[in-house]
Amino acid sequence: MTKIRDHHSIIFWTGFAVIVALLGVAPLVLPEFWRRFLTESLIWGLLAMASDGLTGYTGMISFGHSAFFGLGMYGAAAALILFSPPNLWLAIAFGLVASAAVALFVAYFSIRLRDIYFAITTLIFSQIFYVLIFTWTEVTGGENGLTFTRPRLSLFGLFPVRFTTTTMHWFVLAVVVLSYLLLRRVMHSPFGMVLQSIRENEARTRAIGYAVQRYKMVSVMLSGLFAGLAGVLYAVQKEFAAPDFVYFVVSGETVIYNVMGGIGTLVGPIVGAAFFLMLRETFSRFFTEHYLIPVGIIFIAMVIFTPQGLLGFARRWLNR
């Protein structure tokens with residue numbers, strides 16, 4: 001059994017290293033549009049992975065991740081507008097603090113509820129923050145959003161590097177890879193095992209003696225933190241923050257990424273995000289107004305025939 005586990009581990013990490021290497025080389029050979037597309041896919045994949053940490057491992061479906069993502073954007077925008085010269089690390093810090101604070105606020109009120117009631121509560125909170133951002137024009141810019149200058153990448157002010165599409169891609173790739181490794185370590189730790197126990201049987205986990213509410217709150221905060229990090233990256237890439245990214249549609253698409261890629265796998269949602277965005281981009285070129293219809297049909301077919309997502313289908317095919 002140990003030899004089989006070691007063999008699977010070697011295969012997994014070899015494949016992981018190859019994919020990361022390919023993603024690192026990709027911007028050197030791809031045209032400008034596809035470089036940006038690949039970078040955006042990684043950012044949306046990070047948001048989906050953050051959601052999967054809550055949905056796939058704790059069993060709590062959230063429709064509030066648009067709020068965490070959007071507050072990460074606005075936190076970064078605030079730092080880049082207020083401080084001169086703009087500092088990337090301050091932007092990340094402001095975005096993470098904003099998203100973590102919102103996640104804590106949402107978790108405090110919502111973790112007392114379960115299943116669909118939890119999902120609806122997170123949806124309501126995301127809409128509350130959307131309305132606040134949309135109407136607080138003096139601070140957030142309202143529907144026009146906020147624009148700012150993209151900061152340079154530097155360490156302690158030394159060797160500043162200007163963000164091009166290629167360097168931005170490499171930076172995003174590094175953040176996504178590190179985030180995946182950290183989340184994977186957390187979810188395979190004793191803490192992560194407790195989260196999975198809550199997912200399987202919350203009442204029994206509580207009966208054993210674990211403080212279930214506390215674990216759920218930390219899980220929501222951790223998920224919101226990485227969702228905010230995705231928002232920071234998206235804001236830095238686009239040099240823009242808008243209330244549309246706090247709208248509940250973003251949360252719905254995030255759930256779709258999880259289902260398409262494979263819930264409870266962390267890496268699957270990244271694949272699901274890239275696949276969904278590729279479908280949308282491809283069909284929008286042929287069906288200008290109604291491109292979401294074929295995308296929806298494919299999604300329904302995947303739910304019916306491959307409920308474990310693309311990663312689950314790939315694992316099953318490889319096992320055969």
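This is a predicted model: local features need pLDDT of at least 70, side-chain atom pairs count only at pLDDT 80 or more; totals for chains, interfaces and linings use all residues.
**Helix α2.** I found 23 of its 27 residues buried, so the rest of the structure largely encloses α2. Next I checked the length of α2. At 1.5 Å a residue, its 27 residues should span 39 Å, and I get 39 Å between the end C-alpha atoms, which agrees. I also looked for bends and noted a kink of about 35° in α2, centred on Asp52. Past the helix comes Gly59, and its phi is positive, near 75°.

**Largest pocket.** I then turned to the largest pocket, which holds about 1200 Å³ of space. I listed 34 lining residues; Phe12, Tyr180, Val267, Leu311 and Arg315 are the closest to the centre. Which helix gives the most to this lining? I find that α1 does, with 12 residues. Helices that each supply at least two lining residues include α2 (32–58), α7 (165–187) and α12 (267–284). By residue type, I sorted the lining into 24 nonpolar, 8 polar and 2 charged.

**Aromatic pairs.** I have 22 aromatic pairs. Are Phe69 and Phe245 buried or exposed? Both are buried. Elsewhere I traced a cluster in which ring pairs link Phe105, Tyr108, Phe109, Phe125 and Phe129.

Note on methods. Residues are numbered from 1 along each chain as its sequence is written. Side-chain values use heavy atoms; hydrogens and water are left out. On a 1 Å grid over the protein atoms alone, a cavity is a set of points where a 1.4 Å probe fits but cannot get out, and a pocket is an open set with protein on both sides within 12 Å along at least five of seven lines; lining residues have an atom within 4 Å of a point. Grid points are joined across faces, edges and corners, and a volume is the space filled by probe spheres set on the points. Helices (H or I, at least four residues) and strands (E, at least two) are DSSP runs, numbered from the N terminus. Ala, Val, Leu, Ile, Met, Phe, Trp, Tyr, Cys and Pro count as nonpolar, Asp, Glu, Lys and Arg as charged, and the others, Gly among them, as polar. The expected span of a helix is 1.5 Å times one less than its number of residues. The bend at a residue is the angle between axes fitted to the seven residues ending there and the seven starting there. Buried means under 20% relative accessible area, exposed over 50%, partly exposed in between (1.4 Å probe, protein chains only). Rings of Phe, Tyr and Trp (its six-membered ring) pair if their centres lie within 6.5 Å; planes under 30 degrees apart count as stacked, over 60 as edge-to-face and the rest as tilted.
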